[in-house]
Amino acid sequence: MAIMEAIATTYLEADAASVTFDDIPSTYEHLQVRISARDVSNDFFESVYLQLGDTGHSPVDTGANYSRQYMYAYTSSIYSAAQTSSNDIWLGKIAAAKSDSAIYGPLIIDILDYANTNKNTTALGSNFNGYGDYVRLTVGLWDDTSVVNAVLIKGNGNVVRGTEMTLYGIKSS
Amino acid sequence: MAVWNVIGHTELGASATSVSFTSISASYDHLVLLSSARSDDAGVYDFMNFQVNGDTGTNYTRTALNTNSGTPNSVAGTGGSYWTYNYIPAAGALADTFGTCETWFIDYSNTSNYTQIMTRSGMSNNSTTDSQWGIRFEGGLWLNTAAINRVDALQESGDDFVQYSTFTLYGINGAG
């Protein structure tokens, strides 16, 4: 029995506003999403966001129930900031239309204990924009103790054809 | 042969000052500890630390990128008696909120070199106030070439991990 299993992979054959993994079983201990993505926006790189869902929010909660804190290096400087009452968890930046067409931005999201109803759900994201000048570590909070059954990833514009996202489940026994 | 293997999993049914994984087999290539933890310290945040093989000596070094405000910094230290200052929420943080920490013990059973760790941790909170949240990326060495057979997750002196804190230790295999 594998401890880490691929629950689903999405490879975009056409541009899309978002990618949603829903009907996630609650049988794992942790979730991880690995992403290689690019945005259509007319810039060198663009923001990428996470929203989460449960049985009371279908497919995901779009309310102002998220907090996010992050630090990032942009060119030769480092920054950090925090926001609350947000509509999503802002996880970082991915390459966009002004970047070389072969450039996509990687992002790994760890969502621990997602099915534990004694805890709000938190996510830890590690990101590089692909363009070469932005790297970031983010922690985010969804103020909801429900079992997570949906994960949505979206860009600021559409994410482009060729974007790939895989959701993994990690067991604890 | 499975790549990921569960060595142990603990969800605290009551507060505890530490969580230990003992008699760890040397048969894996790497270890990774995934923790979702909270402290009962009276403040807003606290730290989770690690020791290996029960070594309480000053044999731990560390370098980190760190922030809990609008001004991130870098820190380094030698001669520590434990590793890492992983941020976790404490009693003053938003209720039911736990910190996320992923710690890799690379090549932990190779007796030709010192054990290396890398850890990423984050404590979110419904606050933008300085020192009410924290993020850290840290690397470190244990100045000992022994194979790791024990990992202890520790609280700061006098504090406990609270109920529902979880700790899962995985053994990661290579090929062959």
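The tour takes each chain in turn, then one residue, then the interface.

**Before you start**

Keep in mind that this is a predicted model.

**Stop 1: chain A as a whole**

You will find zero helices and twelve strands. From the N terminus on, the elements run β-β-β-β-β-β-β-β-β-β-β-β. The radius of gyration of chain A is 15 Å, close to the 16 Å that the globule rule gives for 173 residues, so chain A is as compact as a globular protein of that length.

Along the principal axes they fill a box of roughly 40 × 35 × 30 Å. Of the 173 residues, 53% count as buried. Take the contacts in chain A between residues at least 6 apart in sequence: 77% of them join residues at least 24 apart.

**Stop 2: the open sheet of chain A**

Select E2, E11, E4 and E7 of chain A. These four strands form an open sheet in the order E2-E11-E4-E7, and the pairing is antiparallel. Which strands of chain A sit at the edges? They are strand E2 (16-21) and strand E7 (89-95), and each pairs on one side only. From one strand to the next, the twist averages 25°.

Strand E11 of chain A covers residues 150-159, and five bridges join E2(A) to it in the antiparallel sense.

**Stop 3: Met4(A)**

Select Met4(A), which lies in strand E1 (residues 4-11) of chain A. Is Met4(A) buried, exposed or partly exposed? It has 17 C-beta neighbours inside 10 Å, so it counts as partly exposed; the buried class would need 20 or more.

Draw a distance from Met4(A) to His30(A). The two are 26 residues apart along the chain, and their C-alpha atoms are separated by 9.4 Å. Next, show the contacts of Met4(A), leaving aside its neighbours within four places in sequence. In chain A, Met4(A) touches Tyr168(A) and Ile170(A). Across in chain B, Met4(A) is in contact with Val3(B) and Trp4(B).

**Stop 4: chain B as a whole**

Those two partners lead over to the other chain. Select chain B. Its secondary structure comes to zero helices and twelve strands. Along the sequence the pattern is β-β-β-β-β-β-β-β-β-β-β-β. A compact globule of 176 residues would have a radius of gyration near 16 Å, and the 16 Å of chain B agrees with that.

The C-alpha atoms of chain B fill a box of roughly 50 × 35 × 30 Å along the principal axes. Here 44% of the 176 residues count as buried. Among contacts in chain B with a separation of 6 or more, 78% come from residues 24 or more positions apart.

**Stop 5: the open sheet of chain B**

Select E2, E11, E4 and E7 of chain B. They make an open sheet of four strands in the order E2-E11-E4-E7, with antiparallel pairing. Strand E2 (18-21) and strand E7 (83-89) stand at the edges with a single partner strand each, so one side of each is left without a neighbour in the sheet. Direction ignored, neighbouring strands of this sheet are turned by 20° against each other on average.

Four bridges join E2(B) to strand E11 (residues 151-155) of chain B, and the two run antiparallel.

**Stop 6: strand E9 of chain B**

Select E9(B). Seven of its nine residues are buried, so E9(B) is largely enclosed by the rest of the structure.

- E8(B) pairs with E9(B) over seven bridges in the antiparallel sense. Ile106(B) has Gln116(B) in E9(B) as its bridge partner.
- E10(B) is joined to E9(B) by nine bridges, again antiparallel. Ile117(B) stands opposite Gly140(B) in E10(B).

**Stop 7: the interface**

Show both chains. How many residues of chain B are in contact with chain A? There are 34, and they meet 35 residues of chain A. Several strands of chain B each supply at least two residues to this side, among them E3 (30-37), E5 (60-67) and E12 (166-172). Finish on E1(B), which gives the most, with four residues. Colour this side of chain B by residue class: it divides into 15 nonpolar, 16 polar and three charged.

Definitions and conventions: Residues numbered from 1 in each chain as written. Chains lettered and ligands numbered in written order. Predicted model: local features only at pLDDT ≥ 70, side-chain atom pairs only at ≥ 80, totals over all residues. Contact = placed C-beta atoms within 7 Å. Nonpolar A, V, L, I, M, F, W, Y, C, P; charged D, E, K, R; others polar. Pairing = 2+ DSSP bridges. Axes fitted to C-alpha atoms, helices over the stretch in contact; angles between N-to-C directions. Rg over C-alpha atoms; globule rule 2.2 N^0.38 Å. Buried ≥ 20, exposed ≤ 12 C-beta atoms within 10 Å, placed from the backbone.
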